[in-house]
There are 2 protein chains.
Amino acid sequence: MDFLRKHIEEVVELTDDEFGFIQSHFGHIQKRKHQYLVQEGDIVDKEYWVVKGCVKSYFLDDDGKEHILRFGMENWWITDYESFVKRTPSRMSIDCLEDTDLLYITYENREKLTSQMHKMERFWAKKSKNGTVAMQNRILSLLKNSAKERYDLLLEEYPSLFQRVPKKLIAAYLGVSRETLSRLHP
Amino acid sequence: MDFLRKHIEEVVELTDDEFGFIQSHFGHIQKRKHQYLVQEGDIVDKEYWVVKGCVKSYFLDDDGKEHILRFGMENWWITDYESFVKRTPSRMSIDCLEDTDLLYITYENREKLTSQMHKMERFWAKKSKNGTVAMQNRILSLLKNSAKERYDLLLEEYPSLFQRVPKKLIAAYLGVSRETLSRLHP
């Protein structure tokens with residue numbers, strides 16, 4: 001939990017008592033490679049924070065083709081936000097790409113914690129703002145950039161991803177064919 | 001300002017004193033059709049809330065082609081969040097598509113208000129969560145949907161947009177050519 005405290009204190013300072021209260025709202029879970037966190041159809045009740053490992057959130061279309069919304073690695077928050085926020089069945093899944101160690105908070109505990117503690121509302125608001133900026137850039141990139149430019153942007157932003165994630169999945173994230181990706185990254 | 005109070009109270013209840021304090025942080029601005037709110041290169045210092053009218057946020061690529069990130073109509077919050085959050089020069093612009101009436105809050109006032117008032121932190125956190133869900137769906141749609149499916153989704157979500165916004169701009173939002181759009185919406 002020390003890592004979590006460090007992560008939160010990058011945004012708001014905490015006393016020992018405050019962090020004790022915060023950590024009582026979290027649980028810990030370990031998953032093996034290929035195990036899932038979210039399955040399509042679930043009403044997603046947890047937001048996850050990756051302590052160690054790597055996960056992907058993805059959508060399968062009617063032809064069974066995989067489209068990757070995002071990856072999650074150390075210090076990243078991940079869930080299906082549509083299902084988590086709206087309390088509707090998830091249209092996507094989240095799987096572990098490596099053995100993965102996670103903390104999680106349930107919807108109810110997150111509501112309790114944010115309504116009782118302004119600092120935690122502020123922390124997640126800040127995370128959400130950064131997420132907004134990243135998604136805004138992803139949308140612009142999908143609208144305007146060539147496959148090559150999207151690839152270069154991803155490489156610049158997340159160099160370690162290319163060591164950890166199969167090329168097939170990078171292609172499914174960029175929205176390009178595996179053949180196109182092979183030309184870009186031989 | 002009564003509209004703003006109603007809008008905020010959809011998320012958090014306010015006393016008269018609280019709303020008085022909130023409204024003292026906002027300014028009011030009127031723009032004519034074709035005037036801009038944000039120009040590329042600005043460090044964007046205001047977040048806007050549309051009282052009446054319609055705006056677009058867009059990016060011009062090296063060939064001068066326009067890509068639309070989003071539209072903003074009554075009750076929508078809009079700015080360039082990358083520039084506003086990171087305090088960097090904007091890579092996009094925001095123009096008015098109609099005569100538009102807006103409230104705005106500066107970065108400094110928004111920071112003051114959210115740090116002093118948990119309710120307002122909560123309000124914007126909720127708006128930000130809804131924005132996350134909308135952007136998540138837009139990314140999935142750009143990755144997996146055909147032009148026809150993207151068009152139908154937009155029509156379902158924002159029917160009034162099609163009465164207010166030229167087809168050329170709808171095409172620039174969907175990431176399809178004007179010819180493709182004409183086939184979908186004769």
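**View 1. Backbone oxygen of B:Glu111 and the side chain of B:Thr114 in a predicted model.** The backbone oxygen of B:Glu111 is 3.3 Å from a polar atom of the B:Thr114 side chain.

**View 2. Surroundings of B:Thr114.** B:Thr114 belongs to helix H4 of chain B, residues 107-116 (helices, H or I, at least four residues, and strands, E, at least two, are DSSP runs numbered from the N terminus). Its relative accessibility is 1%, so B:Thr114 counts as buried (buried is under 20% relative accessible area, exposed over 50%, partly exposed in between; 1.4 Å probe, protein chains only). Not counting residues up to four places away in sequence, B:Thr114 touches A:His118 and A:Arg122 of chain A, and B:Met120, B:Glu121 and B:Trp124 of chain B (contact means heavy atoms within 4.5 Å).

**View 3. Loop residue A:His34.** In chain A, A:His34 sits in the loop between strand E1 (26-31) and strand E2 (36-38). Phi of A:His34 is near 80°, a positive value in a residue other than glycine. With a relative accessible area of 65%, A:His34 is exposed.

**View 4. Loop residue B:Asn75.** B:Asn75 is found in chain B, in the loop between strand E5 (66-72) and strand E6 (77-78). This residue, which is not glycine, has a positive phi near 80°. B:Asn75 counts as partly exposed at 40% relative accessibility.

**Notes.** Residues are numbered from 1 along each chain as its sequence is written, and chains are lettered from A and ligands numbered from 1 in the order in which they are written. In this predicted model, local features need pLDDT of at least 70, side-chain atom pairs count only at pLDDT 80 or more, and totals for chains, interfaces and linings use all residues, while side-chain values use heavy atoms, with hydrogens and water left out.

Note on methods. A polar contact is a pair of N or O atoms within 3.5 Å; within protein, one must be able to donate a hydrogen and the other to accept it, and residues adjacent in sequence count only if both atoms are side-chain atoms.
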